[in-house]
Amino acid sequence: MESILNVDDYGPGRYARTRVLERAGYNVHEATTGKEALELAATYSPPLILLDVNLPDMSGFEVCRRMRQDPRTLSSTIVHISASNIQAHHQVTGLNGGADSYLVEPIEPTVLIATVKALFRARRAEEALRRSNEELEQFSYRVAHDLTEPLRTIVAHTQLMQLGMRSQSVETLSGSMNFVVDASKRMQSFIDGLLEYCRVSYEASPIKEFDAEELLAAALTDLGTAIQESGAQVTHDPLPKVLASAGFEQVFQNLIGNSIKYRRENVIPEIHISAKMENDFWVFSVRDNGMGIEPRYHDYVFQAFRRLHGREIPGSGIGLATCKKMVEAHGGTLWLESQFGVGSTFYFKLPRATINQPLSHNPA
């Protein structure tokens, strides 16, 4: 529930505004003086502050100025409200002093709520842009880092081969060539994963009805070699039809592929997929008996380029981040439950395709 600080020394007006906001679903704190407003704002860091200009102990302009100097309220959206300071120069003073908007009373309840909603929308957009910029900065750093290492290997061993073309033995040259090929494959795998991650992040695909069992079958076909080599046993309950975009089988493929990749030594992978309905979503689960993940890493593994293992287990660290992006693009969420050394279960939500839709009856 979004929080608002309502600051006004006039009791009836403050009460009426609070009731309007609470009926609209907001959590409202009240203050009657500038001092009380500063204390409550510092305590709760409300995202939105409705601040009367005329307060008994100090002006709302001064309160706003102090809030902008406090790190705890620096990013709060502040709206001045006044019934007497209604001239243009008052509004200019308030806005120049750090306020984000200026409303003149009387304010119709519908106008107040529409204004509050618009301010929260703008705030969410600003926060999303900030997160996107931070993610882009981290993304750029990780791309440069993860591409530099194999490139350095390729350059170093190519130079060694060039310098020792006549003096080195065939075995030595062959070893250097193997390093080059291995580094090239790692770089190609990373680039492929990077392209898929970018496609999911920035390429909008139409949503339509898919049979989840067909999506799963496509994923299992692509994983055929890994399943055969590992002896993995993949089963599933009846799966429903869902609303998804083309390529969503990649989520099944990445999750099942990880269950095979991160299996325990000398343990045959056992992977089971199921789905159950919750409200207007189907909640899917992919359960395995693999290595498991310690609780402190449950959020970490969904970040791009984050890996818990070295080169002994190949991977780019983009697979789970891609799954998360794709699921969230469908209005769902992806999360993990795991016990280290026992196994993991990944859950994700997808909107159901039809109301009260029965499950099919062809489990694997």
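These notebook entries record what I looked up in this structure, one topic at a time.

**Ground rules**

I am working with a predicted model, in which local features need pLDDT of at least 70 and side-chain atom pairs count only at pLDDT 80 or more, while totals for chains, interfaces and linings use all residues. I number residues from 1 along each chain as its sequence is written, and side-chain values use heavy atoms, with hydrogens and water left out.

**The chain as a whole**

I began with the secondary structure and found 10 helices and 12 strands in the chain; these are DSSP runs numbered from the N terminus, with helices being H or I of at least four residues and strands E of at least two. I then looked up burial, where buried means under 20% relative accessible area, exposed over 50%, and partly exposed in between, with a 1.4 Å probe and protein chains only. Of the 364 residues in the chain, 43% are buried. The accessible surface comes to about 19900 Å², and 54% of that belongs to carbon and sulfur atoms; the areas come from the Shrake-Rupley method with a 1.4 Å probe, and for residues only the protein chains shown count as cover. For contacts, meaning heavy atoms within 4.5 Å, I noted that among those between residues at least 6 apart in sequence, 69% join residues at least 24 apart.

**Helices α2 and α3**

I next asked how helix α2 (residues 34–44) and helix α3 (residues 60–69) pack, and I found an angle of about 25 degrees with the axes 10 Å apart. Axes here are lines fitted to C-alpha atoms, for helices over the stretch in contact, and angles run from 0 to 180 degrees between N-to-C directions. The two helices are therefore roughly parallel to each other, since angles under 35 degrees count as roughly parallel, over 145 as roughly antiparallel, 65 to 115 as roughly perpendicular and the rest as oblique. Their crossing is right-handed, the word used if the near helix is turned clockwise from the far one by less than a right angle, with left-handed used if anticlockwise. On the α2 side the contact involves G34, A37, L38 and A41, and on the α3 side V63, R66 and M67. Sorted by class, this contact has 5 nonpolar, 1 polar and 1 charged residues; Ala, Val, Leu, Ile, Met, Phe, Trp, Tyr, Cys and Pro count as nonpolar, Asp, Glu, Lys and Arg as charged, and the others, Gly among them, as polar.

**Helix α9 and its two partners**

I looked at helix α7 (residues 212–222) against α9 and found the axes 8 Å apart at an angle of about 50 degrees, so the pair is oblique. The crossing of α7 past α9 is right-handed. A212, L215, L216, A218, A219, L220 and D222 of α7 make this contact with E249, F252, Q253 and I256 of α9, and its residues divide into 8 nonpolar, 1 polar and 2 charged.

I then turned to α9 (residues 249–261) with α10 (residues 319–329), whose axes come within 9 Å and cross at roughly 150 degrees, in a left-handed crossing. Here Q250, V251, N254, L255 and N258 in α9 meet G319, L320, T322, C323, M326 and V327 in α10. This contact has 6 nonpolar, 5 polar and no charged residues.

Within α10, I listed L320, A321, T322, C323, M326 and V327 as buried, whereas G319 is partly exposed at 27% relative accessible area. G319 and Q253 are 66 residues apart in sequence, yet their C-alpha atoms are 9.5 Å apart in space.

I found S82 in strand β4 (residues 77–82), and at 0% relative accessibility S82 counts as buried. Leaving out residues up to four places away in sequence, S82 touches D52, V53, N54, Y102, L103, V104 and E105. E105 is joined to P106 by a cis peptide bond, with omega about 0 degrees, and P106 lies in the loop between β5 (101–104) and α5 (109–163).

**Positive phi values**

Most residues other than glycine have a negative phi, and most peptide bonds are trans. S45, in the loop between α2 and β3 (48–52), has a positive phi of about 45 degrees and is partly exposed at 34% relative accessibility. N279, in the loop between β9 (270–278) and β10 (281–288), has a positive phi of about 55 degrees and is exposed at 70%.
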